[in-house]
Amino acid sequence: AVMPLLGLIAVIAVFFSFAQENDSIVAQDVEPLEESIFLIKVDSVCRELVANSQTQRLQPMKVLAGEAPTGTAFLTTDGTMVTARHCVEYWIGTNLDLTTKVGDLNEDDIVRWAIETETFNQTHPEDSTMQLRVFFSLYDLMGNKRYVFDTADSHVHINKDRDGVFMLADFSQDYYWRSIRPYFTDRQMELGDILWIDSLEDKGKVTLAAKQDLEKIEKGTRLIICGFPMTGIGDKRMTSTEGTIRRTAAAESENFFFESNINHGFSGGPVFMKSGNDIVAIGV
């Protein structure tokens with residue numbers, strides 16, 4: 001079920017609209033789905049070396065109290081939890097100057113850990129790898145912790161197909177940096193910004209749009225995005241924001257500009273549309 005999932009939801013700023021006869025979605029339509037939408041928060045990060053089937057922790061676990069950003073995740077009807085990758089690997093969207101000096105970064109800086117991890121993996125044999133292991137929790141609408149995950153778990157999947165690896169100059173040594181944001185453009189993160197956890201026993205209420213529903217692409221379609229914004233309403237309360245697909249981007253009819261009031265914290269949240277009597281998720 002991995003590839004159909006990616007094909008339907010791994011779209012950032014790429015939205016599909018349905019035929020014009022569909023009713024416009026309103027905030028009340030998504031209220032029954034709120035119990036399947038969660039606040040996501042990174043708890044801690046550690047760096048590990050894996051060699052000869054042995055795992056060695058390289059630094060003490062770094063606990064991230066209030067310094068890690070929060071985001072949103074949602075649970076689908078097939079028991080898959082979906083979020084934006086940068087809600088968990090929150091350093092992945094950081095733009096770095098190509099002349100970044102790694103020695104100028106603090107030794108416990110997660111960006112430095114990420115650079116050193118990528119550099120090791122680019123310059124060492126495959127039987128010896130380094131990994132950043134992230135522990136993160138999901139909270140429900142009432143602020144109760146519902147799930148705890150670890151990126152080293154086999155059910156946690158990260159889409160790295162759109163990653164770019166750049167060489168950073170430190171004048172004395174080459175370092176490598178992995179990013180899903182094209183370095184020389186101002187585009188937002190696209191397609192690579194997906195993380196999902198499958199095979200959960202719990203089943204959610206969020207239904208992904210079926211391919212046969214995606215027959216027509218048009219402007220003027222109303223959408224609703226749900227999430228946990230970091231400012232304005234507190235860090236545990238979910239809210240929704242409505243918006244409209246305004247115009248196509250360049251000559252690609254499937255790419256749309258979507259206008260809505262969105263701030264930090266909505267990342268990873270579902271984008272909903274009404275299709276007949278059904279509310280379906282068409283994007284992240």
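Predicted model: local features only at pLDDT ≥ 70, side-chain atom pairs only at ≥ 80, totals over all residues.
Residues are numbered from 1 along each chain as its sequence is written, and side-chain values use heavy atoms, with hydrogens and water left out.

**Exercise 1.** Work out which parts of the chain the salt bridge between aspartate 163 and arginine 85 ties together.

*Solution.* 
- Start with the contact: the closest N and O atoms of aspartate 163 and arginine 85 are 2.7 Å apart.
- Aspartate 163 sits in the loop between strands S8 (156-158) and S9 (164-169), and arginine 85 in the loop between strand S5 (81-83) and helix H3 (110-123), so the pair joins parts 78 residues apart in sequence. Helices (H or I, at least four residues) and strands (E, at least two) are DSSP runs, numbered from the N terminus.
- Now check burial (buried is under 20% relative accessible area, exposed over 50%, partly exposed in between, with a 1.4 Å probe and protein chains only). Aspartate 163 is buried at 16%, and arginine 85 is buried at 1%.

**Exercise 2.** Compare the accessibility of arginine 178 with that of glutamate 118, then find the network they belong to.

*Solution.* 
- These two side chains form a salt bridge at 2.8 Å, N to O. Arginine 178 is in strand S10 (residues 174-179) and glutamate 118 in helix H3, so parts 60 residues apart in sequence get tied together.
- Arginine 178 is partly exposed at 24%, whereas glutamate 118 is buried at 8%.
- Zoom out: Arg85, Glu89, Glu118, Asp163 and Arg178 are linked in a network of salt bridges. The whole structure has 11 salt bridges.

**Exercise 3.** Describe the lining of the second largest pocket.

*Solution.* 
- Its volume is about 380 Å³, and 19 residues line it, with Glu89, Thr117, Gln131, Leu132 and Lys160 closest to the centre.
- For the elements, H3, strand S6 (128-139), S8 and S10 each supply at least two lining residues.
- By type, the lining splits into nine nonpolar (Ala, Val, Leu, Ile, Met, Phe, Trp, Tyr, Cys, Pro), six charged (Asp, Glu, Lys, Arg) and four polar residues (the others, Gly among them).
- As for the terms, a pocket is an open set of points on a 1 Å grid over the protein atoms alone, where a 1.4 Å probe fits, with protein on both sides within 12 Å along at least five of seven lines; lining residues have an atom within 4 Å of a point. Points are joined across faces, edges and corners, and the volume is the space filled by probe spheres set on them.

Definitions and conventions. Salt bridge = Lys/Arg side-chain N within 4 Å of Asp/Glu carboxyl O.
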